[in-house]
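Work through the exercises below with the model open beside you. Try each task before you read its solution.

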Amino acid sequence: MKKNKNIVIVSCLLTLLGGSIQVFASGENAERSTAPGIRCDTSRLPSDFRQKFRIGNYSINESNGDIRINRCDMLPCHLPNFIQAISSGNVSNFLADNPMDNAGDTIIYLQVGGGLYVYKELFERLIIVQNGQVTENLCHGYRTPWGTFSKSMTWAAHINDDRNIVEKLGESTDLGEDFQRGKVKIYVYHRYCNSLTSLHFDRHDEVVSSVDARRASVAKFKNVAQYASIYVGGTLLKIALAQVPLVGALAGPFIGVGASIAGCVALYKTYDIICPPEWKQSINAFVTGKVRDLVPISNIMP
């Protein structure tokens, strides 16, 4: 009877721990997986994309706000058809056949995130439409083990490689200048985020910096909560396994060490968030000058 009771307790704890880790690990993924259709209400894109995107001389550098990321601003009468074109793969025909009230402007469509979780930052497809004509329609290529670029997948070229699209955008100085003058509309569909957004040239340093600061704070607290949950769950699991013969003796110490490490990481990350910068500077100076030299292993540490 007691053995069955222990098994039930362990099973419940494993279920709770697994659920907690899944929630913290998935983050927005759970919300995204249930969202119907393509979202057009986001103003953020992953950092990998922001670091990689450049058009001519302009990049998404959120410290100076060269390029702003906003929700898709296409007119409501065109948006459903555009989303349908994305879903069916007929984007080039749609953009060429629908001037969308901006005759004379250049439209750039960039599809990102091939393979969803595997290639979140991959520039999958680039379409450039000027005066109702598709001037560029590029798909990503593939890289060989020797680093050469191939337009199609072969027996030797299997690794996704988007250097053709990245270089095309980076070399487009004229498009970059037109973008600054408001003569270029850029639409980005990110498959990983399942979102359609617009890029705009702008300079609002304070606004952009405040958005970045809030985003960084949320990410830090989320990281602390993740390690804290692992510590609590691991500790409870170790206590429960201690009641089970043999299993507790074998698995308990390893789980306890893992939980202790997670707890120490959570404490350090909490200190990193709440400790005032001037205190942190003093503590770091004390550790570097007074403590580090007394630790033998510090001689081989970077």
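**Exercise 1.** Classify Glu-124 as buried or exposed, then find its salt-bridge partner.

*Solution.* Step one: Glu-124 has a relative accessible area of 14%, so it is buried. The classes are buried under 20%, exposed over 50% and partly exposed in between, with a 1.4 Å probe and protein chains only. Step two: the partner is Arg-191, with the closest N and O atoms 3.1 Å apart. A salt bridge needs a side-chain nitrogen of Lys or Arg within 4 Å of a carboxyl oxygen of Asp or Glu. Step three: Arg-191 is partly exposed, at 30%. Glu-124 sits in strand 5, Arg-191 in the loop between strand 10 and strand 11, and 67 residues separate them. Helices (H or I, at least four residues) and strands (E, at least two) are DSSP runs, numbered from the N terminus.

This is a predicted model: local features need pLDDT of at least 70, side-chain atom pairs count only at pLDDT 80 or more, and totals for chains, interfaces and linings use all residues. Residues are numbered from 1 along each chain as its sequence is written, and side-chain values use heavy atoms, leaving out hydrogens and water.

**Exercise 2.** Which parts does the salt bridge between Glu-136 and Lys-168 tie together?

*Solution.* Step one: check the distance, which is 3.3 Å from N to O. Step two: locate the ends. Glu-136 belongs to strand 6 and Lys-168 to helix 6, so the bridge ties parts 32 residues apart in sequence. Step three: Lys-168 has a relative accessible area of 29%, so it is partly exposed.

**Exercise 3.** Give the strand order of the six-stranded open sheet and name its edges.

*Solution.* Step one: the order is 3-11-10-4-5-6, with mixed pairing. Two strands pair if DSSP finds at least two bridges between them. Step two: strand 3 (67-71) and strand 6 (133-139) are the edges, because each has a single partner strand. Step three: look at one pair. Strand 10 (residues 184-190) and strand 11 (residues 195-201) run antiparallel over five bridges. Tyr-187 stands opposite Ser-198 in strand 11.

**Exercise 4.** What does Ala-259 touch, beyond residues up to four places away in sequence?

*Solution.* Step one: Ala-259 lies in helix 9 (residues 247-274). Step two: its contacts (heavy atoms within 4.5 Å) are Tyr-231, Gly-234 and Thr-235. Step three: Ala-259 and Tyr-231 are 28 residues apart in sequence, yet 4.4 Å apart in space, C-alpha to C-alpha. Step four: Ala-259 is buried at 5% relative accessibility, whereas Tyr-231 is partly exposed at 39%.
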